[in-house]
Amino acid sequence: MSGVSGFLAILLTSLVPILATAMGGMFAERARASNIALDGCMLVAALAALAVGTAVGNPWVGVVAGMVAGALWAGVLSAAVYGLGCDLIIAGIAANLLAVGASLLVVQGVLGSTGTYAPTGTTLIPRPSLGFLADIPVIGPALQNQSALVWVTVLVTVAASIVLQRTRFGLHVKAVGESDEAALAVGVKPVQIRVAALLISGALAGIGGAYLSISSVASFNSQLTGGLGFIAFAAVVFGRATPWGTIGASLLFAAATSVAVRLQGTDLGLQQIVHALPYVATVVALAVQAVRESRRRRYDVSITQYVPAIIPKG
């Protein structure tokens, strides 16, 4: 595989967990219900996918279990915010911390493993061959034998974009994000829409989590996500919670991750900087977003355009 094809192959591998999770986070963000707990949703989903997939001997059942687990974890966040009146951001941070503790409890107390959970006999997600298409220069080798979840993520991305832009539910999500009063005036219940958006974000984060645990390696530990949920959330904010913006930002962060992977093992003497490259790219992107938003708010008197939900309207 050539250098360019190899880079593209790593890019796709890095892109799946970020993009799948970010597309779900896009719905929550547009409904002004920022899901800070995306990383926690991914973590519990990764464990559920591996445990259930191994138990039944079918990785696709594991993926479904991961999506259900991610949605349930987002449901916990919804219950805390809209049932108990907790602050959305604080509850999201708590959900992330709780996910680490809960997963460790399950691994050690229920699954009987210490440290890394690596069950035997796990069937991984298949990697379909492209046949003659694999001979296409550059692209063919990069796509050959990729996890089937890569193609699932492509379909999910297209479907999520259509739902947000072309359906009544997507219109309701955007209406709730713009104005509760306007949404109520046309019979849309903001809390119901926000809960639904959070559940969707958790379910799609479940795909990202399942990809980490049963696509390449059949193992789980409490550090498995490596902050990818936060990077996905940053992609949502940087992409202004639009389909194309979120896709572009996910590609940017996945590219930074791919560069870091390619540079690992090289004799540059900057391994710490190389490891931090994806996170540095995320921080720089958010800083650019903050400056851009500040300039927009300085000159734009409209209150109907989308602003990141983590930035209060004022």
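These legends describe close-up views of a predicted model. Residues are numbered from 1 along each chain as its sequence is written. Local features need pLDDT of at least 70, side-chain atom pairs count only at pLDDT 80 or more, and totals for chains, interfaces and linings use all residues, while side-chain values use heavy atoms, with hydrogens and water left out.

**View 1. N145 in the loop between α5 and α6.** N145 sits in the loop between α5 (139–143) and α6 (148–166). Helices are DSSP runs of H or I, at least four residues, numbered from the N terminus. The phi of N145 is positive, near 60 degrees, and the residue is not a glycine. N145 is partly exposed, at a relative accessible area of 38%. Partly exposed lies between buried (under 20% relative accessible area) and exposed (over 50%), with a 1.4 Å probe and protein chains only.

**View 2. α10 and the residues after it.** In α10, 10 of its 11 residues are buried. Among them are L228, F233 and F238. R240 follows α10 and has a positive phi, near 55 degrees. A241 lies in the loop between α10 (228–238) and α11 (243–263). Phi of A241 is also positive, about 55 degrees, although A241 is not a glycine. A241 counts as buried, at 0% relative accessibility.

**View 3. The largest nonpolar core.** This core has 75 residues. A nonpolar core is a set of buried Ala, Val, Leu, Ile, Met, Phe, Trp, Tyr and Cys residues joined through side-chain atoms within 4.5 Å. Those with the most contacts inside the core are I18, M23, M26, Y117, F220 and F253. Helix α1 (residues 3–30) gives the most to this core, with 11 residues.

**View 4. The surroundings of F220.** Leaving out residues up to four places away in sequence, F220 touches L43, A46, L47, L50, S103, V107, G115, T116 and Y117. Contact means heavy atoms within 4.5 Å.

**View 5. α6 against α9.** The axes of α6 and helix α9 (residues 190–214) come within 11 Å and cross at roughly 165 degrees. Axes are lines fitted to C-alpha atoms over the stretch in contact, and angles run from 0 to 180 degrees between N-to-C directions. The two helices, α6 and α9, are therefore roughly antiparallel, a term for angles over 145 degrees. L149, T153 and V156 in α6 meet L204, I207, A210 and Y211 in α9. By class, this contact has six nonpolar, one polar and no charged residues. Ala, Val, Leu, Ile, Met, Phe, Trp, Tyr, Cys and Pro count as nonpolar, Asp, Glu, Lys and Arg as charged, and the others, Gly among them, as polar.

Notes. Angles under 35 degrees count as roughly parallel, over 145 as roughly antiparallel, 65 to 115 as roughly perpendicular and the rest as oblique.
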